[in-house]
Amino acid sequence: MAKSTVTSKTAKAVEKGKKSTSKTASKTTSKTKSKTAAAVASGRTTRTSSSRTSSGTSRTTSRTVVRPASRTSGTVSKSFEREIEQSNRELTALLSPSQEETEYYQKIEEENQKKAQRPDFKKIAVIAGAVLAVIILILLLVRGCSSSGKDSLKARNNTIKVAKMYISKDQLESAKELLEKLLIENPDDEEVQKLFDEVIEALKNQEKTPDTVIINNGGSNGSVPYDININTDELTNALDMMSRELNAANEKNAKNQEAINRLLESQRQDEMERKSQAKAQEEQKKQEEAKRKAAEEELAKQNKKNAEKINKINELINQANQNLNSGKTSDALKKYEDAVKLLPIEQGEPKFSASKYSEIASNLYDASERETNPSSKETLIKEAVSYAQKAIEKDPNDAKAHFILAMNAEKNKDGATAEKELELAARNDPTNYLYYYYLGKRQQLNKKYSQARTSYNTSIKLNNKFDSSYYNLGLTCMSLSLNKEALSAFRSAHTVNPQHAKSYLAEARLLNKTFDDKNGAVTAYEKVISLEPDNISALRECGSVYAALGKYSNAEEKFRKAIAKLGSTEDPMTYYNLSTVLYNQNKFDDAYKNAKIAYDTMNSSGSKLDNKAKAAIVYNYALCNEAKNQKLDAIPLYKEVLALDSNHSKALTNLGIMYMEMDPPDVDAALGFLTKAHQIDKNSFEINNNLGSAYLQKKEYQKSIDYYLQALKINSKDNQVRTNLAKAQTEAGQFENAKQTYIEVIQQKPDNYDAYIDLAKVCIALKDTVSAEGYLNALKNKKPEYRTSEVKYLLDTVRQ
């Protein structure tokens with residue numbers, strides 16, 4: 001009997017334990033948040049991390065932000081309406097007839113005078129004119145915001161429109177003032193002049209004939225009726241239209257600002273490279289000049305007549321050069337013609353004549369580079385090419401002449417001719433490193449990367465202090481997938497020139513994307529930013545790398561700086577990235593604000609985001625809504641993500657979790673989302689874990705076990721999933737497996753006190769009362785006050 005009693009109580013305890021386990025399992029659907037923001041373009045954050053709550057469903061996260069456009073037209077219109085209403089009140093007060101005026105009009109009627117004296121409306125005109133003048137002033141200020149010719153024309157037309165309105169209301173002086181302003185701006189405007197003449201004529205007539213004001217409001221009892229109505233609808237409509245135009249112009253400017261910022265960055269970098277190349281060309285020119293003088297001195301020694309002629313030619317060329325530098329192009333060309341008329345000389349021909357032609361060609365080409373007047377520039381280039389061709393006629397091997405023809409071909413976008421002429425220049429002067437550098441650039445543009453690499457290397461051998469050769473060699477090596485050589489070339493460029501920001505930027509991108517050296521990339525990005533604080537691309541990209549390193553505060557700093565430099569430009573991805581790093585710092589309110597900006601502007605006409613980028617933005621916004629406990633807003637946003645990207649597994653996963661968390665849970669709907677997510681990504685820890693939790697709620701225990709086991713294969717250290725697996729095994733009656741799983745849970749986390757109780761219940765189910773008592777006593781030793789009544793009941797049970 002005793003044994004039977006014990007067995008019976010044990011059975012009850014086990015049954016109670018099963019119910020407790022089942023209840024616990026239903027409550028502890030595991031929650032795992034993995035925060036992943038998809039980077040959709042260069043400089044956009046990508047991050048993956050996971051954090052788990054005390055229960056155990058897995059959740060996936062990514063996010064985005066944008067800034068709403070400001071609107072002004074409504075505010076302006078209401079302001080004018082208030083002005084006009086105030087004016088009407090003043091007019092009404094002013095025109096209310098006094099007792100004397102009433103008696104006066106009665107007297108007039110009694111005397112049967114047909115023509116009434118006109119009351120003095122001077123004050124009325126002053127007040128109305130003042131109100132309308134304020135409106136016109138604001139109109140002119142609004143129109144002043146636009147500097148384009150089109151906007152000026154609209155301002156003129158609207159001013160004429162207002163002037164005509166004044167004329168129709170007999171406000172001739174106000175109309176005259178407006179038209180006078182237009183005539184000051186453009187005295188030849190015939191339409192305005194004609195209208196102005198009409199106003200002047202009307203004013204003259206007004207002086208001759210007093211106006212009569214008809215005041216009739218159907219009044220009685222001796223009072224003088226009146227009806228004054230200032231209709232401002234036309235003016236208000238004109239104002240609203242102008243405000244809308246201004247807003248549209250502002251929006252367009254904001255959209256163009258991003259392109260302007262990129263252009264400015266490129267121009268800053270190109271200007272540095274241009275200066276480097278100009279300095280190199282100047283040095284090379286000095287070397288060539290020295291060689292030329294040495295050759296001419298040698299010729300002069302051989303023949304006295306040669307010496308005199310050479311000196312005379314050089315004197316004329318020098319005079320021409322002085323004229324060129326003074327902007328006297330015609331005089332310079334005449335001097336050059338006089339110089340070449342003295343050719344040829346008695347010795348050293350045809351090379352001497354060729355050298356003089358190419359020297360003149362070079363001088364003219366350099367002058368064309370400095371010239372800003374298009375017509376003069378074209379003349380100089382044409383003459384330079386002509387002299388270069390004459391030089392080649394004299395000496396086909398004249399390197400400088402070929403180089404000038406190559407540069408002219410580059411300007412004309414004739415890549416094939418440019419490459420051919422540069423090859424001839426380099427072949428005929430193999431010591432000129434600049435010829436090889438420019439040849440390499442042309443070959444690179446023509447996608448002849450192997451030849452370009454050879455040309456750059458030759459340029460470096462001739463001059464190992466020229467940073468541009470190293471930089472372009474790096475770019476060429478990247479095209480050839482020679483990434484280590486490219487990295488070495490970039491580093492050589494900024495070793496030669498520590499101010500070479502482009503090479504630091506190229507190094508940073510290569511380290512980040514190709515070598516996955518985030519720390520090295522950050523160092524290089526920071527160097528770029530120190531050299532170019534306004535380089536928005538570097539700020540964005542540096543922020544993204546910091547985010548990938550988990551250094552969210554550093555990333556936040558970079559993204560905020562980038563946004564500050566954008567001004568009014570709408571850049572959804574930068575706001576998105578800022579939101580993601582704020583989210584990861586648990587700054588949910590600020591994350592939400594920036595996420596909303598990204599969401600609101602992602603479809604603006606200036607945005608060129610693809611659907612995947614938009615999906616990342618919407619997903620991030622959904623996460624931020626969840627973080628603010630706005631779950632009813634999050635669900636349609638997750639569905640919007642799926643409309644943009646039907647294979648977005650993270651959105652599917654989070655929808656599955658949200659449906660499981662409903663009261664009551666909609667497990668079938670949750671399984672629909674999670675099953676589709678699993679089809680997309682079978683190796684996702686979060687998806688497998690959530691499927692295990694969903695099937696555990698649905699009491700399909702074997703399926704739950706299978707998904708939990710798969711999740712543990714992916715992440716064997718997750719003890720919460722292991723705990724849920726043990727519960728599913730218990731519910732499935734797999735007590736031996738459950739016992740072993742609970743033991744692993746306790747081994748990994750000895751302070752998981754619930755696991756001791758659940759393990760004891762499993763041992764009771766296996767009729768292993770000794771082990772059950774041992775685990776319960778172990779719990780009492782570790783945490784005497786933990787679930788004391790339940791522990792006592794179980795101990796009493798196993799000891800019977």
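The side chains of Lys628 and Asp589 form a salt bridge with an N to O distance of 3.0 Å; a salt bridge is a side-chain nitrogen of Lys or Arg within 4 Å of a carboxyl oxygen of Asp or Glu. Lys628 lies in the loop between α25 and α26 (631-644) and Asp589 in helix α24, so that distant parts of the chain, 39 residues apart, are linked; helices (H or I, at least four residues) are DSSP runs, numbered from the N terminus. Lys628 is partly exposed at 30% relative accessible area, whereas Asp589 is exposed at 55%. Here, buried means under 20% relative accessible area, exposed over 50% and partly exposed in between (1.4 Å probe, protein chains only).

The model is predicted: local features need pLDDT of at least 70, side-chain atom pairs count only at pLDDT 80 or more, and totals for chains, interfaces and linings use all residues. Residues are numbered from 1 along each chain as its sequence is written, and side-chain values use heavy atoms, with hydrogens and water left out.

Helix α24 comprises residues 588-601. Its buried residues are Ala591, Tyr592, Asn594, Ala595, Ile597, Ala598 and Thr601, and they pack against α23 (572-584) and α25 (611-627).

Across the whole structure, a search finds 34 salt bridges. In one of them, Glu191 pairs with Arg156, with the closest N and O atoms 2.9 Å apart. Because Glu191 belongs to helix α7 (residues 190-208) and Arg156 to helix α5 (residues 149-168), this pair ties together parts 35 residues apart in sequence. Glu191 is partly exposed at 42%, while Arg156 is buried at 18%.

How values were computed. Helices (H or I, at least four residues) and strands (E, at least two) are DSSP runs, numbered from the N terminus. The expected span of a helix is 1.5 Å times one less than its number of residues. Contact means heavy atoms within 4.5 Å.
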